[in-house]
Amino acid sequence: MQSQLKHVISADQFLDRTLLDKLFSLAQEMEAHDTNGKYRTALAGKILATVFYEPSTRTRFSFEAGMMKLGGEVLTTESAAQFSSAIKGESIEDSIRIIGGYADAIVLRHPQTGAAKIAAKVSPVPVINAGDGSGEHPTQALLDLYTISKEKKSLDGLHIAMVGDLLYGRTVHSLLKFLPLYKKITLYLVAPAKLQLPQIYLEYLKKHKISFQQLSDFKSILPKLDVLYMTRVQKERFADPNEYEQVKNLYVIDEKNIKAMKKSAMIMHPLPRVTELSPKIDNDPRAWYFRQAQNGLYVRMALLYTLLCR
Amino acid sequence: MQSQLKHVISADQFLDRTLLDKLFSLAQEMEAHDTNGKYRTALAGKILATVFYEPSTRTRFSFEAGMMKLGGEVLTTESAAQFSSAIKGESIEDSIRIIGGYADAIVLRHPQTGAAKIAAKVSPVPVINAGDGSGEHPTQALLDLYTISKEKKSLDGLHIAMVGDLLYGRTVHSLLKFLPLYKKITLYLVAPAKLQLPQIYLEYLKKHKISFQQLSDFKSILPKLDVLYMTRVQKERFADPNEYEQVKNLYVIDEKNIKAMKKSAMIMHPLPRVTELSPKIDNDPRAWYFRQAQNGLYVRMALLYTLLCR
Amino acid sequence: MQSQLKHVISADQFLDRTLLDKLFSLAQEMEAHDTNGKYRTALAGKILATVFYEPSTRTRFSFEAGMMKLGGEVLTTESAAQFSSAIKGESIEDSIRIIGGYADAIVLRHPQTGAAKIAAKVSPVPVINAGDGSGEHPTQALLDLYTISKEKKSLDGLHIAMVGDLLYGRTVHSLLKFLPLYKKITLYLVAPAKLQLPQIYLEYLKKHKISFQQLSDFKSILPKLDVLYMTRVQKERFADPNEYEQVKNLYVIDEKNIKAMKKSAMIMHPLPRVTELSPKIDNDPRAWYFRQAQNGLYVRMALLYTLLCR
């Protein structure tokens, strides 16, 4: 892995179980390091620049904390779109070339699809895509996968539901790409008709012979699930507010319907949540979303280490 | 102290002279450390997140500088309200739980009264309240008290005036709470009628038998004062601009009326000031406000050390 | 140098070739340090505060990266005007006095001409001017000069053109000041009539007997140039958009007209660029602007080291 990986731009770069196994095993070492301090100076003298043209405190902090825990330093922007030369008309290429002269790696978040790829092309240092518009957010997919893999050993044979906004949900799209790496998955796609998965992803599933069903409600399948991957449905997607209210109330896990789920089920969410997960289930052992966010730290540490410690 | 203190939420947690003495003695060690470097690596490997939903460069910098001087690292937000998932409807609880997975302590500033308490309830790591709306700002009260204690040994027997906006002044309210710990204080409450101290605090003073007078002018008492605690009167509090102008000019210390004060008097101010303290007195030995701000650094270092070095 | 320099406010402080030689030789050591790590802990335990009342990610990052590479720590503001006590009416003097109690040096960017000088007057720690309105931006001038000096040994005998907005271009004005230190320079001032160099600078050139020509086009001189210093012409300077379009297209270097230039010519630009330099020439060895930005890191490291390592 260390010899191949130059940038982290797309989930496609990781569609390889050997590679994933290596990455996840390193992420587990990073988790252990949080106590044993094994990697405390691994990236001493290295600088990471987090260049966020769209704010995202959570993602930014997880990269920055990861860098610091490995002994590195951080240059930070909270809202580069507003505060940088972008407003003077500077191209993303120019910004990246210059920042790449100051930093040893760049984490980029940008509203424009494809921005990370453009950046990687000119950057003298590794670029990590932390979300480019409706494009990719590969480290989110990796941490989702890491979370399931760690608990369930593998995704082989699991019953997995993806619920909510499957049309625009970037994290859902990225996660789907990995399913062909595993055997005998049963997939449930739960969404209102107008927010169902785009055709291109349905064809991907068919091509790779993933067994799936499209549903508009999840009551019937709750008892079968090993993994319930919830997403936030955004109000802005609906012209008719009544329609939104209906959907909003349909896809909710609370202290009542969680009872229908297996003891071993995992409830996941990329966060932030709004109403789709009741805070009353937060302390249920099946509520994995906070541990999932925590795992983001370790996966990102593993990537930073891989890119920078050569 | 070290074994008890988990979060720093309210001045009420510190209403104990033994505790204060310990804290202030540690703060003085921190002040000495600025030259001798004794604690340079005390918090090495620890991360502090400053989560400011309301910007405050001064307060943020003093915590961050304190953390750095103890060898720790800092995750920073300049304006979390604008740039975080809060705008997507995420609860403060969720944000804190996640950030608490990346950082070893959180300094929180939030416009909503009670926010720090809510945060502490769910946080896996210590939370320090750096101001929650019209609620509390305990570290400001502690640095005020530290400044007086260091110079005057104790507040016992002092003549103290609090001047300006006593109605909304959060720092005044917090400082008042500590007065019952000391003996024979004489207190002067100087404010325009409409900005006098709220009834609840007047009753607190009565209950604790603190001797006080309410005044609308301070000319007559200037010669008696050991401590003059000035605050900024905000224009927005007055419907009638003329009324504001009058008050603004009434509570001003300048090179003329400072002459009426004792050689040993301390002029304090939580800052920022506008017109209430003339820059012409800045070099007078009685002008303590910059040293007061500087003391904030040492008190905050003492707190960070107490919370994190176990 | 180390014994004299307290603040870096104006290019005027550096109008001395012995001083420049020392600074540039130190900058080259810093460049070497990027590989050999000689100065890795030079500023350990020191804190730099970057106080930017106007955002500038590039300049901020270069100072911050420089500080980190020397082992120091950084307190950062992305947009102090919006987020600090300035909006409550606090004076720049008060802000600097307080921040100067937390940090060991302050880099200040401020929209108001003269702000850095005002700050230096009250600051307990060194202040570096990172741009004060239409005033000065001395470190930019120093990095420009360093870039030419490193490649051409000296500016003696060079043919130098300054192109674009010579009226408002702060970097051009600062750079001009240094020309009298060198011998036999031929200067071309290329700008539309309404953006030509202010009278005061023309008189400075005459007084110091710098040979110069004012031109409205640069085609004829391209083959003669050793240094072509381009600047961005801002649309806002023109009432008539057609006039802007004409100028915009007049001062452009692209893969065609670069052929007219000497093999040894240097094309420079303070960046950001918009259309005045075609990305197609970026990989031409004469395109120096990215290396120029990179040199800013080393010059700023040399200054930080000089100010802080005593």
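Student: How many salt bridges does the rule find across the interface of chain B and chain C?

Tutor: This is a predicted model, and the rule looks for a side-chain nitrogen of Lys or Arg within 4 Å of a carboxyl oxygen of Asp or Glu. Between chain B and chain C it finds three salt bridges. Arg58(B) forms a salt bridge with Glu90(C), and their closest N and O atoms are 2.5 Å apart.

Student: How many residue pairs are in polar contact between chain B and chain C?

Tutor: The count is eight residue pairs, with both residues at pLDDT 80 or more.

Student: Which elements of chain B give two or more residues to the side that touches chain C?

Tutor: They are α2 (57-69), α3 (80-83) and α10 (289-308) of chain B. Helix α2(B) gives the largest share, nine residues. By class, this side of chain B divides into eleven nonpolar, eight polar and eight charged residues.

Student: How is the size of an interface often given?

Tutor: It is often given as the accessible area lost when the parts come together. Here, the area buried between chain B and chain C is about 2,300 Å², and carbon and sulfur atoms give 58% of it. On the side of chain B, the residues that lose the most area to chain C are Phe61(B), Met68(B) and Glu78(B), together 27% of what that side buries. Counted by contact, 27 residues of chain B meet 24 residues of chain C.

Student: What rotation superposes chain B on chain C?

Tutor: A rotation of 120°, with 0.0 Å of shift along its axis, superposes chain B on chain C with an RMSD of 0.0 Å. The two copies are therefore related as by a three-fold rotation axis. Within chain B, the C-alpha nearest the axis belongs to Glu78(B), at 4.3 Å from it. Glu78(B) is also one of the three residues of chain B that lose the most area to chain C.

Student: What share of the contact residues of chain B recur in chain C?

Tutor: The share is 19%, and the copies use different surfaces.

Student: Now the interface of chain C and chain A. How many residues does the contact take from each chain?

Tutor: It takes 27 residues from chain C and 24 residues from chain A. The area buried between chain C and chain A is about 2,300 Å², with 58% from carbon and sulfur atoms. Phe61(C), Met68(C) and Glu78(C) supply 27% of the area that chain C buries against chain A, more than any other three residues.

Student: Which residue forms a salt bridge with Asp94(A)?

Tutor: Arg273(C) does, with the closest N and O atoms 2.5 Å apart. The rule finds three salt bridges across the interface of chain C and chain A, and eight residue pairs are in polar contact there, both at pLDDT 80 or more. On the side of chain C that touches chain A, α2 (57-69), α3 (80-83) and α10 (289-308) of chain C each supply at least two residues. The largest share, nine residues, comes from α2(C).

Student: Turning to burial, how many residues of helix α4 of chain B are buried?

Tutor: A residue is called buried when its relative accessible area is under 20%. In α4(B), residues 92-102, nine of the eleven residues are buried, and the helix is mostly covered. Among them are Ile92(B), Asp94(B), Ile96(B) and Tyr102(B).

Student: What do the buried residues of α4(B) pack against?

Tutor: They pack against elements of two chains: α2 and α10 of chain A, together with β1, β2, β3 and α5 of chain B.

Student: How many residues of helix α7 of chain A are buried?

Tutor: Nine of its nine residues are buried. They include Arg170(A), His173(A) and Lys177(A), as well as Leu175(A) and Phe178(A).

Student: Is Asp284(B) buried or exposed?

Tutor: Asp284(B) has a relative accessible area of 18%, so it counts as buried. Asp284(B) lies in the loop between β9 (266-268) and α10 of chain B. Leaving aside neighbours within four places in sequence, Asp284(B) is in contact with Ile258(B) and Arg291(B).

Student: Where is Val247(C)?

Tutor: Val247(C) is in helix α9, residues 241-250, of chain C. Its relative accessible area is 7%, so Val247(C) is buried. Not counting residues up to four places away in sequence, Val247(C) touches Pro192(C), Val233(C) and Phe238(C).

Methods. Residues numbered from 1 in each chain as written. Chains lettered and ligands numbered in written order. Predicted model: local features only at pLDDT ≥ 70, side-chain atom pairs only at ≥ 80, totals over all residues. Heavy atoms only, no water. Contact = heavy atoms within 4.5 Å. Buried area = accessible area lost by both parts, 1.4 Å probe. Polar contact = N/O pair within 3.5 Å; in protein donor to acceptor, adjacent residues only side chain to side chain. Helix = DSSP H or I, 4+ residues; strand = E, 2+ residues; numbered from the N terminus. Nonpolar A, V, L, I, M, F, W, Y, C, P; charged D, E, K, R; others polar. Least-squares fit on C-alpha atoms with pLDDT ≥ 70 in both. Buried < 20%, exposed > 50% of the residue type's maximum accessible area, 1.4 Å probe, protein only.
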